[in-house]
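Hi everyone, thanks for coming. I'd like to walk you through a few residues today, so please have the viewer open.

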Amino acid sequence: MNLRRKTTHLTQEVITKISCKHCGDTCPSEPIWKDEIPFCCNGCKTVYELLHENGLADFYSIENTPGTNMRSGKGADLAYLDNPEIISSLLDFQEGNTSKVTLELPAIHCSSCIFLLENLGRLHPGVGACQVNFVSKKAAITFDHSTITLRELAELLQRIGYNPNITLNKGEAHTQQKSKLPLKIGVAGFCFGNIMLMSFPDYVQGGLEEGFARFFGYANFALAIPVLFYSGIDYLRSAWTAIRYRAINMDVPIALGMTALFLRSSFEVLFGHGLGYFDSLTGFVFFLLVGKWFQEQTQKKLAYDRDYKSYFPLAATRIVNGEQEAIPVNKVEPGDVLFVRNQEVIPADCIMRNGEGMIDYGFVTGESNLISKQSGDKLYAGGRQCGSGIEVEVIKSVDQSYLTQLWNQDAFEKEKGNLSGTAEKAASFFTWAVIGISLVTALVWFFIDRTQIAFVVTSVLIVACPCALALAMPFTYGNTMRIFGRRGLYLKNAQVVEEMAALDTLVFDKTGTLTHGQMVSMEYVGEPLSEDQKHMVYATAHQSLHPLSKAISERLEASDVKPKSFEEWSGSGIVSTFGECRIALGNAKHVGLNQPETDQSTRVYVQIDEVVKGYFEARKEYRAGLNELLKELAAFYQLHVVSGDNDAERETLTQWFGRETEMRFNQDPFAKLEFIRTLQNGGAHVAMIGDGLNDAGALKQSNVGIAVSDDLYSFSPSCAAILQGTELPRLTAFLGFSRYAVRVVKWSFGLSVLYNLVGLTFAVQGLLTPLVAAILMPLSSISVIIFTTLGTNLKGRRL
């Protein structure tokens with residue numbers, strides 16, 4: 001009986017000491033099992049399933065314990081996040097039950113981190129979209145605060161290994177995070193220099209006396225310890241946890257090389273066989289960190305969303321002493337009064353002063369619901385006014401990186417390009433290949449010279465660098481974005497470059513795209529209007545961003561009259577009411593007429609209280625250089641025209657496009673979208689080029705939506721790129737440069753493969769020392785960065 005009790009007690013003790021696969025904590029007496037793997041709670045099991053179902057087990061390379069216990073209460077230190085004032089200061093957006101916050105997560109490490117965070121909603125139903133900025137290590141999270149509070153959200157992130165770095169002084173936290181790498185470089189550089197100095201006598205003939213050799217050997221050993229376990233700890237930690245959870249990443253061969261060098265050198269020093277290779281070890285870590293620093297600095301320079309105002313073409317209308325003036329959004333300051341038209345994006349957090357707001361926050365939250373706002377209500381940046389114009393007072397400076405983030409919401413993302421996916425697979429395959437070559441090399445050298453195994457294998461592990469494969473695209477495409485931005489083409493993200501290179505079909509809108517956004521003339525024809533009627537027509541047209549509406553408002557004298565209500569039908573017209581009076585502006589069908597237009601002008605009919613008084617006749621001018629542009633494009637692309645206007649100018653357009661070009665007129669926005677979809681179903685890669693107003697659906701549906709803008713107001717979140725109207729004649733050059741950028745990436749891949757083949761050829765023969773390999777490894781990454789940057793810059797000068 002006693003033996004049975006002891007056995008039972010022993011069994012229970014063994015069970016209680018089973019460790020959780022995810023967090024490493026001790027499981028309860030009855031662990032939760034999945035595929036014969038123990039977990040301490042459902043939360044840990046869910047995270048594990050989420051990663052392994054998608055082949056992203058390298059998530060565990062973040063740190064030794066990437067996920068803390070999902071059932072442990074580690075939120076005590078986050079109690080301050082229950083304070084309403086602190087919550088308000090941290091949130092980017094709060095409306096109804098929806099809130100949005102941007103948190104710095106220093107533990108973000110690789111693609112698995114991005115995947116896990118962007119699927120955070122699978123861990124808690126209250127979490128909506130999560131958008132990760134890998135460079136800045138920040139995540140913009142939309143959540144339902146009636147289901148999960150900000151504190152609970154932070155605790156959730158903490159429990160899965162992403163402890164948020166929360167501070168009201170956000171700049172301070174970022175500075176502290178950045179200071180670690182230079183310090184690690186300093187430690188590695190100091191130790192490397194001193195070890196080289198103390199090892200120098202050993203390089204010359206005769207070497208050192210035994211006493212000095214032993215002393216310097218111990219000194220080198222002591223100096224190598226902080227280099228390995230401080231400067232190089234991130235690589236060791238990453239590799240160990242990857243191996244521990246049967247995953248692999250690029251840090252594994254690096255860590256194996258460091259460990260082999262350290263163990264071999266320690267053995268030689270401690271047992272009196274020599275000074276070892278501590279100079280190679282410390283030099284390797286030093287040059288590796290220098291390369292990493294150079295890469296980070298270059299990435300920061302190319303991280304355009306951090307200084308989006310240098311190229312993002314968005315303007316605002318400021319009211320000064322009753323007069324309206326257009327200013328760039330980066331000039332908007334707290335206290336400014338802005339006029340926001342129908343369908344215009346609110347650039348900064350504001351308080352509504354005048355008008356009736358109907359705000360659509362779909363640009364922010366991904367869900368389009370109109371929210372009524374009155375004078376005194378707070379409006380958040382990124383909201384879009386849907387109705388008559390409103391006056392707002394700015395209470396917070398414009399954050400253009402936030403506008404960039406909104407433009408890159410998941411709702412508008414495209415699938416990753418073929419080349420991007422190929423590069424990621426190649427880098428993963430390369431890492432396995434390097435480890436395999438190292439094992440074979442070790443086996444061969446076992447029979448040649450066992451004492452040289454660590455030396456040769458370390459050189460193989462160090463010299464082979466898959467990093468260049470991962471660097472080629474972000475630097476090439478990032479620099480291409482910068483070049484395009486300086487010349488009037490503003491891309492949503494770097495992936496658009498690859499999508500532009502794959503295009504084979506271009507679809508053009510007419511008004512505001514092929515023609516100037518500004519009308520050459522706008523004359524009224526019909527029954528004379530009274531002064532009051534002119535004021536109401538002006539007030540109606542002034543609410544809209546459409547080029548024709550703006551031309552009418554510029555033609556008439558400004559007025560303070562404000563409509564009681566306002567509606568706009570895309571591609572048709574607008575209607576507003578002033579007391580009992582109803583004003584309608586639009587095409588013939590919009591005002592109930594059936595009069596096809598046959599001349600080369602566009603008419604905007606004026607209807608007052610169901611009576612058509614006349615029309616504004618707009619004559620447009622086609623953009624300069626259009627004929628030459630279309631001839632150039634026809635050599636590479638299939639061209640189409642879809643327009644909401646009549647076909648009065650078909651013959652003119654046929655002369656430029658050719659009779660084989662399909663042209664569709666009188667197309668509403670839905671018809672344009674369906675036309676794009678039909679082309680894509682036929683296998684075409686389509687770019688829609690329009691003004692971003694009546695083309696929003698088609699721009700979003702197309703592979704690349706390019707919004708042509710003359711006045712910088714009509715920003716469309718559905719587009720992938722914004723092209724200044726004056727730069728349309730450069731379109732052929734932009735598209736050609738995109739194809740060139742893809743070729744540069746492929747050349748970089750070839751350069752990287754060639755470097756690694758040559759380096760491995762020397763390394764496996766024992767002709768390459770670990771120190772030389774340590775210098776060559778970061779140089780390979782730097783060479784790719786220099787090659788891609790110079791290659792695109794030289795081509796860009798001729799753009």
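Let's begin with Asp 609, which sits in the loop between strand 22 (602-608) and strand 23 (611-619). Before going further, a word on the source: this is a predicted model, where local features need pLDDT of at least 70, side-chain atom pairs count only at pLDDT 80 or more, and totals for chains, interfaces and linings use all residues. Residues are numbered from 1 along each chain as its sequence is written, and side-chain values use heavy atoms, with hydrogens and water left out. Strands here are DSSP runs of E with at least two residues, and helices are runs of H or I with at least four, numbered from the N terminus.

Asp 609 is not a glycine, yet its phi is positive, about 50°. Most residues other than glycine have a negative phi. Asp 609 is partly exposed, at 39% relative accessible area; buried would be under 20%, exposed over 50%, and partly exposed is in between, using a 1.4 Å probe and protein chains only.

Now, where is Asn 321? You'll find Asn 321 in the loop between strand 7 (315-320) and strand 8 (323-328). Asn 321, also not a glycine, has a positive phi of about 55°, and with 78% relative accessibility Asn 321 counts as exposed.

Last stop: Arg 214, in helix 8 (residues 210-231). Arg 214 is partly exposed, at 36% relative accessible area. Leaving aside neighbours within four places in sequence, Arg 214 is in contact with Val 269 and Gly 272, contact meaning heavy atoms within 4.5 Å.
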